[in-house]
Amino acid sequence: MMKIRVSFILALLLLSSSFFLQVARCQSDSDSEDAELVAETVEEGGDLGIVDDDVQDFGAGNYSPAPGVETVCVFPKNPSKVVVAGQETELLIGMKNEGDQNVKVLAVHASVHLPFDHRMLVQNLTTQAFNNASVPSSVQATFPYMFAVSKFLQPGTFDLVGKIVYEIDQLPYENTFYNGTIEVTEAGGLVSIETVFLVSLGIGLLIFLGFWVRGQIQNLSKKSKKSPKVETGTRSVDASMDEWLEGTAYTQSKASKSKKKK
């Protein structure tokens with residue numbers, strides 16, 4: 001029965017490992033395809049424009065994407081999408097214009113949400129506006145975007161939603177270039193406050209368990225050292241002894257001693 005259980009657990013582990021390997025392979029393939037597309041946009045060029053200091057609030061409007069305009073996103077030198085709290089992170093946005101008219105890129109903005117509910121907004125990130133940024137018809141272009149999450153944000157997994165706003169024939173549109181998870185970590189290393197707390201709690205429990213075991217061992221050793229109580233003889237014992245020794249030399253000597261005392 002034990003062999004059957006062990007083989008069943010090993011089979012489950014093999015299946016789970018193959019599944020995660022397949023998911024990781026699919027993820028890496030999709031990332032490599034996006035990187036190739038962004039690389040193609042860099043080679044083909046395109047007017048990236050100039051970052052504008054006078055930033056408008058482009059996140060207020062919800063626009064639909066224009067037909068023929070496609071966007072992709074990659075994290076250069078950061079395929080694991082690990083974001084250090086308080087430090088800037090760079091991503092590249094590739095835009096492909098397959099329409100008949102030029103695309104005028106206005107701005108890029110993003111926001112951080114809770115992974116289980118996007119209605120729970122965690123932070124609105126920097127809005128990066130552009131001047132004179134356009135993508136002609138049948139041309140691809142790449143736009144960099146720098147963002148930084150709050151240094152007070154608790155480490156964990158969050159969802160990043162990034163959008164690029166543009167105009168075609170003076171009509172506003174926007175594409176969501178990224179809608180996925182990021183891993184936020186603390187600056188200065190991999191050790192977090194939660195890790196320190198859990199390690200301290202585990203050490204405290206181990207110390208408490210050690211003292212409890214030691215106390216139990218000491219109690220058992222004390223019980224084992226105690227000797228059993230031995231009761232001494234009483235008058236009833238003496239009477240019974242006299243009955244057993246009646247008619248012997250002991251009783252005779254005892255009787256002679258009593259007569260001498262008289």
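## A loop residue and its surroundings

Leaving aside neighbours within four places in sequence, Lys 151 touches Ala 85 and Gly 86, where contact means heavy atoms within 4.5 Å. Lys 151 sits in the loop between β8 (139-147) and β9 (156-168); helices (H or I, at least four residues) and strands (E, at least two) are DSSP runs, numbered from the N terminus. Buried or exposed, where does Lys 151 fall? With a relative accessible area of 61%, Lys 151 is exposed, the classes being buried under 20%, exposed over 50% and partly exposed in between (1.4 Å probe, protein chains only). Thr 185 is 34 residues away along the chain, and its C-alpha atom is 9.5 Å from that of Lys 151.

## How to read this model

This is a predicted model, in which local features need pLDDT of at least 70 and side-chain atom pairs count only at pLDDT 80 or more, while totals for chains, interfaces and linings use all residues. Residues are numbered from 1 along each chain as its sequence is written, and side-chain values use heavy atoms, with hydrogens and water left out.

The average pLDDT of the protein is 74, and 59% of the residues score at least 70; pLDDT is the predictor's confidence in each residue, from 0 to 100. Two stretches call for some care. Residues 1-35 stay under 50 in pLDDT, and the model has eight contacts for them beyond four places in sequence. Residues 37-55 also stay under 50, with 40 such contacts. Where pLDDT is low, the predicted coordinates should not be read in detail.

## The overall layout

The protein has four helices and 10 strands. From the N terminus on, the order of elements is α-β-β-β-β-β-β-β-β-β-β-α-α-α. Of its 262 residues, 27% count as buried. Among contacts with a separation of 6 or more, 73% are between residues 24 or more positions apart.

The accessible surface comes to about 18700 Å², and carbon and sulfur atoms hold 59% of that; accessible areas come from the Shrake-Rupley method with a 1.4 Å probe, and for residues only the protein chains shown count as cover.

## A hairpin of two strands

Strands β5 (residues 103-114) and β6 (residues 117-124) run antiparallel and are joined by four bridges; two strands pair if DSSP finds at least two bridges between them. Two residues lie between β5 and β6 in this hairpin. As one example of the pairing, His 113 has Leu 121 of β6 as its bridge partner.

## Salt bridges

How many salt bridges are there? The count is three, a salt bridge being a side-chain nitrogen of Lys or Arg within 4 Å of a carboxyl oxygen of Asp or Glu. Glu 98 pairs with Lys 96, their closest N and O atoms being 3.1 Å apart. Glu 98 is partly exposed at 44% relative accessibility, and Lys 96 is partly exposed at 25%. Asp 117 and Arg 119 form another, at 3.1 Å from N to O, and Arg 119 is exposed at 75%.

Lys 163 and Glu 174 also pair, with 3.6 Å between the closest N and O atoms. Lys 163 lies in strand β9 and Glu 174 in strand β10 (residues 171-185), so this pair ties together parts 11 residues apart in sequence. Glu 174 is buried, with a relative accessible area of 5%.
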